[in-house]
Amino acid sequence: MALLEIDSVTVRFGGLVALREVAFDVDEGQFISIIGPNGAGKTTLFNAIAGVIKPSSGRIRFQGREVQGSNPSHMSHLGVRRTFQVARPFASMTVRENVRLAAAGRQVLQSARALGLRGRVRPLADRVDGLLETTGLTADARRRASELNIGGLRRLEIARALASEPKVLLLDEPAAGIGVDGLRPLAELIRGVHQRGLTVLLVEHYVGFALSLSDRVIVLDEGTMIAHGTPEQIRNDERVIAAYLGKAGGGQGDRPPAVPPGPDAPGER
């Protein structure tokens with residue numbers, strides 16, 4: 001049984017069909033990227049999986065249980081966590097405080113302090129230290145989140161998502177706004193997280209970045225899944241190339257993946 005099953009999911013907003021009968025499975029430990037031109041339905045698919053929106057039809061199953069229509073809190077409790085393209089930390093709090101709250105929850109942490117349960121606080125502190133080290137934020141631990149650059153904010157988003165020990169991590173365009181010098185270390189962080197056994201789904205605008213990380217790739221175009229395969233298969237799929245070439249005026253990163261630049265190539269700004 002697959003860890004996550006997307007079964008003929010359709011999402012309508014009035015007369016607009018944002019997703020049309022999208023179907024695929026995600027096995028435990030896989031890294032799947034979801035790519036496509038602007039308006040392809042990538043974020044809508046993520047929102048459906050994360051519980052932000054309820055599909056108009058179709059089924060979403062997590063560990064065999066139907067979860068379509070569950071709210072984000074319930075999905076997070078089940079083990080599905082996501083990051084956001086626009087980071088949402090507590091800006092006035094330090095990096096460490098943001099990660100600590102994500103790891104323990106405000107009530108648990110306050111209760112432990114109030115009751116003097118130092119034996120519980122110490123392991124929590126160790127966990128936070130580990131998360132900061134994993135995401136390369138140790139040196140920034142005492143800085144306020146508002147002082148971080150875009151790369152630091154992306155790392156903080158990932159640290160906060162990892163803090164709840166998810167079974168599936170949804171990464172929503174983590175490379176957005178990252179300069180060319182920051183793409184390689186970001187790719188190394190994401191690759192390292194996956195290599196620890198975590199199942200990862202990535203929505204990404206930069207094709208080369210996504211293909212360099214993935215086991216499998218799903219391509220959406222106007223809400224329809226037009227291709228699903230290995231990065232090499234996707235690079236050479238005529239339907240994918242046509243979808244990208246046919247989008248006049250697409251943003252940077254909208255290019256046919258037959259010749260994708262690497263994660264830190266000049267063309268991937």
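1. A word on confidence before anything else: pLDDT is the predictor's confidence in each residue, from 0 to 100. This is a predicted model, and its chain has a mean pLDDT of 87, with 84% of residues reaching 70 or more.

2. Where pLDDT is low, the predicted coordinates should not be read in detail.

3. The largest nonpolar core contains 48 residues, and Ile35, Ile190, Phe209, Val219 and Ile234 have the most contacts inside it. Another core, of 30 residues, lies apart from it and includes Val9, Val11, Val168 and Leu170.

4. What does strand 4 pair with? Strand 1 (residues 4-13) joins strand 4 in the antiparallel sense over 5 bridges, and Ile6 has Ile60 of strand 4 as its bridge partner. Strand 5 (residues 65-66) also runs antiparallel to strand 4, with 2 bridges between them; here Phe62 stands opposite Arg65.

5. Strands 4 and 5 make a hairpin with 2 residues between them.

6. On to open space. The largest pocket holds about 400 Å³. Its lining is made up of 20 residues, and those nearest the centre are Ser76, Arg81, Arg82, Phe84 and Arg160. Helix 2 (72-78), strand 6 (80-82), helix 3 (95-104) and helix 6 (150-162) are the elements that give two or more residues to this lining.

7. Finally, a glycine to click on. Is Gly208 buried or exposed? Gly208 sits in helix 8, residues 207-213, and counts as buried because its relative accessibility is 3%, where the cut-off for buried is under 20%. Gly208 and Arg235 are 27 residues apart in sequence, and their C-alpha atoms are 9.6 Å apart in space.

Note on methods. Residues numbered from 1 in each chain as written. Predicted model: local features only at pLDDT ≥ 70, side-chain atom pairs only at ≥ 80, totals over all residues. Heavy atoms only, no water. Core = buried A, V, L, I, M, F, W, Y, C linked by side-chain atoms within 4.5 Å. Buried < 20%, exposed > 50% of the residue type's maximum accessible area, 1.4 Å probe, protein only. Pairing = 2+ DSSP bridges. Helix = DSSP H or I, 4+ residues; strand = E, 2+ residues; numbered from the N terminus. 1 Å grid on protein atoms, 1.4 Å probe; cavity = no way out; pocket = protein on both sides within 12 Å on 5 of 7 lines; lining within 4 Å. Points joined across faces, edges and corners; volume = space filled by probe spheres on them.
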